Amino acid sequence: MDMDWFFVLQLLMSSLCLLGIILHRYRALQKTNKTKQRRRRPLGLTQWPIIGVVPAIVSNIHRIFDGVTGLLALSDLNYQCRFWFAGFRYFITCDPANVRHIFTSNFENYPKGDAFAQMFDILGGGIFNSDGERWRRQRTKAQMLMTTPRYRAFVERSSLEKAEKSVLPFLSHVADTAGATCDLQDVFMRWSFDTTSNLVYGVDPGCLAIGLPEVPFARAMDDALRTVFLRHIIPMTCWKAMRRLDVGHERKNAAAQRTADSFVAATIASRRAAYKKQGADKSAADLLSSFICDEEIADDPDADAYIRDMTLNLLVAGRDATSSALSWFFYLLATNPRVEQKLLEELAPIAASKKPSTGSMVAFEAGELKNLLYLHAAVCECLRLYPSLPMEHKAVVARDVLPSGHLVRPGDKILVFNYSMGRMKRVWGPDCREFRPERWISDDGKLRYVPSNKFVAFNSGPRTCLGKEMVLVQMKVTVAAVAWNFAVEVVPGHVVEPKLSIILHMKNGLLVRVKRRSDNPAVMSKQQ
């Protein structure tokens with residue numbers, strides 16, 4: 001027994017000595033770094049021995065986006081953080097020069113990486129998880145299907161029909177109900193799920209109905225995306241242990257994956273069964289039909305897995321990106337009446353020439369909105385401040401020196417904070433935090449060109465978003481319909497802030513009151 005205690009005492013003394021050596025070495029390194037490092041480090045973010053910056057991350061997890069933005073503003077747009085004990089090495093940036101280098105100039109050296117695929121395991125082997133030749137084949141196939149005139153016409157037609165038959169009738173119901181409020185973010189998420197399901201699977205689940213039916217798949221995706229975000233900031237060894245133990249957010253994620261797999265498998269099976277019937281109509285323009293009817297894919301023994309991964313990737317991207325952007329757009333419009341009035345003035349000539357399509361309301365076709373400069377500028381300005389994907393994740397293959405002068409090594413993880421870039425004075429000027437669509441319009445009244453390494457809402461380089469034009473069409477058609485027919489007011493006291501998720505949703509939703517424009521003579525008189 002005495003020997004046991006003696007052994008424990010030896011172990012403790014050895015550990016203390018080791019810790020003392022580490023502390024001494026760390027302090028020596030700190031002194032050396034202070035003489036070399038010219039960049040200013042913000043108060044409150046300390047590189048602790050062994051545990052690195054983990055305490056700062058944990059204490060600021062509730063405001064991680066704004067916290068990182070402040071950090072980058074004080075660190076010349078770049079910051080390196082480490083958690084040495086768990087091999088946690090991140091380089092965080094919102095420097096446009098670095099973005100161009102990482103996303104375009106040296107693209108092959110910065111893949112998504114195996115760690116990314118593990119974090120986004122719900123997406124399987126789909127296009128957003130793939131690298132190299134597999135990614136190129138998937139992108140080529142998706143691009144071929146999504147850029148055809150037939151599919152583009154399908155997107156425009158679906159966007160208009162959903163605005164006329166779902167969004168406007170639902171908001172009319174809210175406006176006509178005395179004292180009623182609604183969560184506009186929930187409305188747009190339901191609208192987006194219906195719309196994207198139709199574009200990808202040819203099925204409209206009818207989520208945006210008056211009764212607001214429960215949507216298990218939508219809730220499952222929320223749980224999965226929150227887990228993905230947490231995996232970005234928790235050391236891999238920790239979240240993998242939680243997954244093995246089936247606890248915390250990893251338990252929810254496992255249930256979410258089962259729900260998603262069940263939904264997609266049932267949809268694919270139903271479509272295959274329908275196409276096997278004699279005389280079945282195979283002219284549908286949705287992506288699932290195109291994948292199933294594609295001879296190259298049909299000959300693949302893993303066709304169902306390929307279709308599952310590709311369609312789920314496209315569904316997640318379409319559903320979450322567009323609904324997030326629309327929610328932030330109407331928050332900005334409701335809090336910036338000057339911008340709202342200018343937008344209504346631009347829509348007025350088109351509205352005056354149209355007959356109401358739903359009751360007394362007007363909806364706009366995509367072709368009618370194509371050349372509206374201020375509408376386009378307002379949408380871009382919203383995406384600058386609130387990009388649907390607030391950060392991008394990259395791995396490092398080989399040792400490289402970035403344009404900022406920072407050295408990155410194999411095994412490092414790079415986080416490009418799109419959210420932060422839109423709030424940097426060095427990138428967008430002293431008014432960078434203002435919602436000002438005019439910054440997108442040149443002095444001669446034309447759309448100002450902004451390079452994609454500065455405006456990263458649709459990614460940049462070879463991985464530029466394939467659905468960019470589709471998103472813009474959906475947003476413009478929906479924005480024009482809602483803004484022209486309804487005045488949206490955020491409920492006083494409602495707190496609007498980003499949610500802890502890989503997609504920039506609102507933590508508390510967007511609680512609003514809506515009022516018909518026809519009930520406001522002052523506004524209508526300005527339009528006429």
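The questions below ask how terms are applied to this predicted model. Local features need pLDDT of at least 70 and side-chain atom pairs count only at pLDDT 80 or more, while totals for chains, interfaces and linings use all residues. Residues are numbered from 1 along each chain as its sequence is written, and side-chain values use heavy atoms, with hydrogens and water left out.

Q: Why is aspartate 431 called buried?
A: Buried means under 20% relative accessible area, exposed over 50%, and partly exposed in between (1.4 Å probe, protein chains only). Aspartate 431 has a relative accessible area of 18%, so it counts as buried. Its place is in the loop between helix 19 (425-428) and helix 20. Helices (H or I, at least four residues) and strands (E, at least two) are DSSP runs, numbered from the N terminus.

Q: What is aspartate 431 in contact with, leaving aside its neighbours within four places in sequence?
A: Contact means heavy atoms within 4.5 Å. On that basis the partners are Arg436 and Arg439.

Q: What makes helix 7 and helix 20 roughly parallel to each other?
A: Axes are lines fitted to C-alpha atoms, for helices over the stretch in contact, and angles run from 0 to 180 degrees between N-to-C directions. Angles under 35 degrees count as roughly parallel, over 145 as roughly antiparallel, 65 to 115 as roughly perpendicular and the rest as oblique. The axes of helix 7 (residues 149-176) and helix 20 (residues 468-485) cross at roughly 30° and come within 9 Å. The pair is therefore roughly parallel.

Q: Which classes of residue make up the contact of helix 7 with helix 20?
A: Residues of helix 7, including Val155, Leu160 and Leu171, meet residues of helix 20, among them Val473, Val477 and Ala481. The contact has 12 nonpolar, three polar and one charged residues. Here Ala, Val, Leu, Ile, Met, Phe, Trp, Tyr, Cys and Pro count as nonpolar, Asp, Glu, Lys and Arg as charged, and the others, Gly among them, as polar.

Q: What makes a set of residues a nonpolar core?
A: The set consists of buried Ala, Val, Leu, Ile, Met, Phe, Trp, Tyr and Cys residues joined through side-chain atoms within 4.5 Å. The largest such core has 155 residues, and Leu171 and Leu343 are among those with the most contacts inside it. Helix 14 (residues 303-334) gives the most to this core, with 15 residues. Leaving aside neighbours within four places in sequence, leucine 343 is in contact with Phe329, Leu333, Tyr374, Leu375, Val479 and Ala483.
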